[in-house]
Amino acid sequence: MNRIIFLITVIITVLISCGSMDALTSTDTEDGIQYPRVPSIIPLRYGSNSTLKYNLFDDSGIINSTNFYLKISINNVFAFLNDSAIIPYHDTINTSAINKLLFDYSDNISDTSFLLSYDSIGSNVDGVYRYGIKSSDSINLFNEPKLWLKYPGQKGDVWQYTAIDNKLSEFEIISVNESVTMPSSNNRYTQPVEILQCYLYKSTKNALVEYFYYNNNYGLVGYLVYENDILRVSAKLTDYY
Amino acid sequence: MKSPIKYIIITLILVSQIFGARHAILIGNSSGTRNLANLKYVKNDINAVKEILSSNCSFNEQNIHTLYNKTPLEVKSILQKIKPKISSSEKDLLFFYYSGHADNNSLIMGMDRYPLSELKKIIKSIPSNMKILVFDACQSGSFARLKGGSIDSPFLLHEDNNIEGQVVLYSSSASEYSQESDYYRQSIFSFHLVNALKGCADASGDMQVTLNEAYQYAYGQTVASTINSAGGIQHPGYLLNIQGKGNVVLADMRSNHNGIVLDKEIKGSIAVLDPAKNIISDIIKKDSTEMFIALNSGKFTVYNNYENRASKVKVNLTGNTIHHLKGSQFKSIRSMPVYSKGGSGKKIKLSVIPQFGFSLIDNSSLQNSLKNRYSYLKEFNISPNLQFKEEQWQAGIGSELEFLNGIFIYLNYGYSKESNNAETQGSTTTPHDSTEFPVSLKIENILHTNEINFGIGYSFKHNALKFFSVATGIDIPIVKLNTNSFYTESLYQISTKSESDEKGVLILPSIKAIFEYPFSSIFSLGTSVKYRFQLSTSGLLSQDDSLEYNLGGLSAMIRLKFTLNDR
């Protein structure tokens, strides 16, 4: 009888260990620090990197030979403690004091980056919120978190977003199931093109209309900008890890 | 009709035994020339003749001189050496034997020639009243292991060979080849002549073999053995002028106390094999008389096949033993062993077979798989049409090991390469004003098939089907599909290339029929038709999906067959 109890205990211990390992694999580690992942329409996880190729069009819609690559990455995660203090996540000792995690969503062109969090604020509006701006030497939190990308949502959902310059943008979900191609770049891959199902967001600010294709595994996949109904920018995800 | 056989019968009236001093010169030369292949069994010929002369034909071993692969000078020297030892006594006998290549004017001894005119001159000068000359060679020849040169009238039939007291036996008639046999591991004529002297030719049953009996036996057996040979039928001949010499007794078994006696009730084909499965005797016994076969000491298996019933008996001759075998002592067996006519079952022919041909492949499942692979791009109006040809050309090389009973095993390797490509234009639409921008996908597929085939087959030996073989086996194609994709989007100015390799292994049972025509003993040209069965659907493994692939169906090959050895 004792032997059976012992065996059961061992099996339960093994199962619990496996469960712990599963939890561990869902995090990103750096120097022994485990960073939690937050699923969203932008995959909020430490160490994520994506590259988009940007093409510029002139005011008559003809493509400009100039193009560039925008690299977006999350290389810092901050802990928001008791709604009052922000410290790097890896310096956090008491994780129970963390209200939420802020992911430093930066790119290789801008001097500043946004601190993002997936949240539900107000009348339970779920989505990606911008909490503040980070520069090389400072972090400035907004008075109120700003809803950036509503997720999940429905076609026709609209909301407003106020930029740093206090200009208002109208946001709208155009589609929640938009097919977008992602070329398999130089991979030994049987399928030359991958089809991604995306949320298509539209942002209107005066004469400027932007379209964002977001996929919950890759984040920003495609991007189109129209100015006075003329295509001025196109961008496509070319690499992600 | 002036039949030579009748002539012998008429002239050899007396059955008198003339045993005086008997001298033998046995010459063999296996060397070929640029146009003549080396001979394989010349040494066996000499050894067999020497053994039977000493055991059955009253030749003192000291008087048997063998010269193997020697020069004409050495042959001349030995002839001169024994010349004084032979008297003109009617009882003295000279036995001259030659196995090797010859042409119209000379014995071919490697790079040297020994002129026949000179040989005749020396032999003529030897005083013996009875000279028996045996030539296992011919004037015709070719690239095979046939023992001759250009086709011409046989030198032995020249009128000036008709010398009194001289018998000439030769192994083949004009324009015929004298052949060696892998079955007997000897020259065919020599094998049967030796068998005759063992007692097989004793038609009268008096335990003696006369020159007439030996010739008739060797003639009949040589013709029978070469009816289906690649070298053509071979008719031995003779030339003699021994009027008044009596019936020359070549072999006398009365003093030989080692051998077997086949009872008069035993009929049909008889084969005597030693423990190494070498064939010692191979005869057809027709008459209801006893037959003695002289054998050395040792263990032997005697096989009998009569009216499609095979049987065997084992005998152990320990010296001075004569086993009298009755039909009742033979035990039935299922069939005569495969080595019963030609030696060990271990003997094989190894062939190399370059081949080229095509397979008719049903590519519909592969086409459908490829179509499905790219169907997800339909909403971008991309639908590449990738077609592989239904005939797949293949080159290969194979090998066959053929055993004497016609069974062979084969191992082949083949390679084929097929390719296709397609470029398709589609479009993507902007959300703002539904403007269409071109999208293109270019696909290049290269299908490599490396395959190994192995199996077992049977070559028919019968007249009507002798050029045909059938075989069954397993084909294992290893298929690799290399795909290169080029994708471009004009709206986003994206241009990418991707590459993939997919592999799959199929296992297909196959049956095939082979026709091949031998142009020589080493080269055959033929064709094979094969059908293989695709028993289950097989797929090419890949990262994200699989392609169904079918290789069953009909194929045909042209094959060149080079036999490297035939032993």
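A cavity here is a set of grid points where a 1.4 Å probe fits but cannot get out, and its lining residues are those with an atom within 4 Å of a point. The structure shown in these views is a predicted model.

**View 1. The largest cavity and the residues that line it in chain B.** The search of the whole structure returns 5 cavities of 30 Å³ or more, and the largest of these has a volume of about 100 Å³. Its lining is made up of 15 residues, among which Q355(B), N412(B), N453(B), K530(B) and M557(B) lie nearest the centre of the cavity. Sorted by class, the lining of this largest cavity holds 8 polar, 5 nonpolar and 2 charged residues.

**View 2. Strands of chain B around the largest cavity.** At least two lining residues come from each of strand 22 (391-403), strand 23 (407-429), strand 28 (523-532) and strand 31 (553-566) of chain B.

**View 3. A nonpolar patch on the surface.** The patch is formed by L465(B), F468(B), F515(B), Y517(B), F519(B), L525(B), I558(B), L560(B) and F562(B), which together have about 760 Å² of accessible area. Strand 27 (508-518) and strand 31 of chain B each contribute at least two residues to the nonpolar patch, and strand 31 gives the most, with 3 residues.

View 4. L465(B) sits in the loop between strand 24 (436-459) and strand 25 (468-489) of chain B. Because its relative accessibility is 37%, and partly exposed covers the range between under 20% (buried) and over 50% (exposed), L465(B) counts as partly exposed.

Conventions:
Residues numbered from 1 in each chain as written. Chains lettered and ligands numbered in written order. Predicted model: local features only at pLDDT ≥ 70, side-chain atom pairs only at ≥ 80, totals over all residues. Heavy atoms only, no water. 1 Å grid on protein atoms, 1.4 Å probe; cavity = no way out; pocket = protein on both sides within 12 Å on 5 of 7 lines; lining within 4 Å. Points joined across faces, edges and corners; volume = space filled by probe spheres on them. Helix = DSSP H or I, 4+ residues; strand = E, 2+ residues; numbered from the N terminus. Nonpolar A, V, L, I, M, F, W, Y, C, P; charged D, E, K, R; others polar. Patch = residues over 30% accessible without salt bridge, like charges linked within 9 Å, V, L, I, M, F, W, Y side chains within 5 Å. Areas by Shrake-Rupley, 256 points an atom, 1.4 Å probe, with all protein chains shown as cover. Salt bridge = Lys/Arg side-chain N within 4 Å of Asp/Glu carboxyl O. Buried < 20%, exposed > 50% of the residue type's maximum accessible area, 1.4 Å probe, protein only.
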